[in-house]
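Below are some notes on charged side chains and helix packing, written for a colleague who will look at the model alongside them.

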Amino acid sequence: MTHVKLRDVWKYYGDFPALKGIDLDVKSGELLVVLGPSGAGKTTLLKVIAGILKADRGKIYFNNNDVTNLEPFDRNIGFVFQSPALFPHLKVWENIAFPLEARGYSFDKIRERVLELIELVELKGLENRYPHELSGGQQQRVAIARALAAHPKLLLLDEPFANLDIQLREKLRILLRSIQKRLKITTIFVTHDQEEAFQLADRIAILMDGKIIQIGTPESVYENPINAEVAKFLGINVV
């Protein structure tokens with residue numbers, strides 16, 4: 001399991017600071033939800049942790065190993081985007097197998113792992129379908145399986161259920177939580193949806209204007225918002 005640590009992390013877009021001195025500890029095996037309004041810097045934070053974007057200042061550690069300057073491939077993370085971003089010309093099986101093939105896994109190891117993941121994300125019987133033959137929820141299940149294929153140290157999810165209907169979102173949250181608990185993989189999940197955050201999280205980090213404002217269990221954050229701005233965002237009446 002992986003403990004993630006960020007220390008004084010800044011990210012600029014030109015002169016605009018999207019992340020402002022982020023200090024964050026994600027415990028090994030926990031599911032941390034980063035919750036905040038649109039434009040708060042949530043996606044930027046995930047991309048900096050993944051190495052897709054480079055931090056302009058600060059340090060990022062995985063289990064006390066400095067990964068600040070490592071490329072995404074070398075960080076061994078799984079990333080699920082809002083759009084499934086599946087390869088349209090590859091079948092379900094091939095999409096899941098792709099990261100394993102890229103890492104040089106043997107045929108037998110690939111077959112074993114893909115079968116395991118298809119069972120895990122409940123896609124049995126759909127192995128030979130193309131992405132356009134799947135529902136939105138099924139496509140996101142493939143994306144989750146692909147992200148988990150190469151045994152990542154860390155799973156990052158950027159509002160993966162935002163484009164799905166309410167009932168499907170509910171089902172996939174339950175499935176994701178079950179998978180995360182079973183695998184005990186350290187997970188960071190980004191959302192602007194308070195209900196989603198409180199349903200999924202071991203802990204919630206409130207991100208506003210590029211800064212972590214508050215972090216704690218769902219109960220502690222809801223019962224003791226740190227200021228009126230957080231309370232208003234969570235829909236709590238402030239007298």
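1. Glu159 is a buried residue without a salt bridge. The nearest side chain of opposite charge belongs to Lys42, at 4.3 Å, and a salt bridge needs a nitrogen-to-oxygen approach within 4 Å. The model is a predicted one, and this distance should be read with that in mind.

2. What surrounds Glu159? Its place in the chain is the loop between strand S7 (154-158) and H6. Apart from neighbours within four places in sequence, Glu159 is in contact with Lys42, Gln82, Val190, Thr191 and His192. Lys42 is thus listed among the contacts of Glu159, although the two form no salt bridge.

3. Other charged residues do find partners: a search of the whole structure gives 13 salt bridges. One of them joins the side chains of Arg203 and Glu30, with an N to O distance of 2.7 Å. Arg203 belongs to strand S9 (residues 203-208), while Glu30 sits in the loop between strand S2 (16-26) and strand S3 (31-35), so this pair ties together parts that are 173 residues apart in sequence. Are the two partners buried or exposed? Arg203 is buried at a relative accessible area of 14%, and Glu30 is buried at 6%.

4. Arg177 and Asp202 form another salt bridge through their side chains, at 2.4 Å from N to O. Arg177 is part of helix H6 (residues 166-183) and Asp202 of the loop between helix H7 (194-200) and S9; the pair therefore ties together parts that are 25 residues apart in sequence. Arg177 is buried, its relative accessible area being 14%, whereas Asp202 is partly exposed, with 30%. Salt bridges with shared partners also link Glu170, Arg173, Asp193, Glu195 and Glu196 into one network.

5. Turning to helix packing, how are H5 and H6 arranged? The axes of helix H5 (residues 136-148) and H6 come within 11 Å, crossing at roughly 15 degrees. The cut-off for roughly parallel is an angle under 35 degrees, which makes H5 roughly parallel to H6. Their crossing is right-handed.

6. The residues that meet across this pair are Gly137, Gln140, Arg141 and Leu148 from H5, and Leu168, Leu172, Leu175, Ile179 and Leu183 from H6.

7. Helix H3 (residues 92-102) has Val92, Asn95, Ile96, Ala97, Pro99 and Leu100 as its buried residues. These buried residues pack against H4 and H5. After H3 comes Gly104, with a positive phi near 80 degrees.

Key: Residues are numbered from 1 along each chain as its sequence is written. This is a predicted model: local features need pLDDT of at least 70, side-chain atom pairs count only at pLDDT 80 or more; totals for chains, interfaces and linings use all residues. Side-chain values use heavy atoms; hydrogens and water are left out. Helices (H or I, at least four residues) and strands (E, at least two) are DSSP runs, numbered from the N terminus. Buried means under 20% relative accessible area, exposed over 50%, partly exposed in between (1.4 Å probe, protein chains only). Lys and Arg count as positive and Asp and Glu as negative; His and the chain ends are not counted. Contact means heavy atoms within 4.5 Å. Axes are lines fitted to C-alpha atoms, for helices over the stretch in contact, and angles run from 0 to 180 degrees between N-to-C directions. Angles under 35 degrees count as roughly parallel, over 145 as roughly antiparallel, 65 to 115 as roughly perpendicular and the rest as oblique. A crossing is left-handed if the near helix is turned anticlockwise from the far one by less than a right angle, and right-handed if clockwise.
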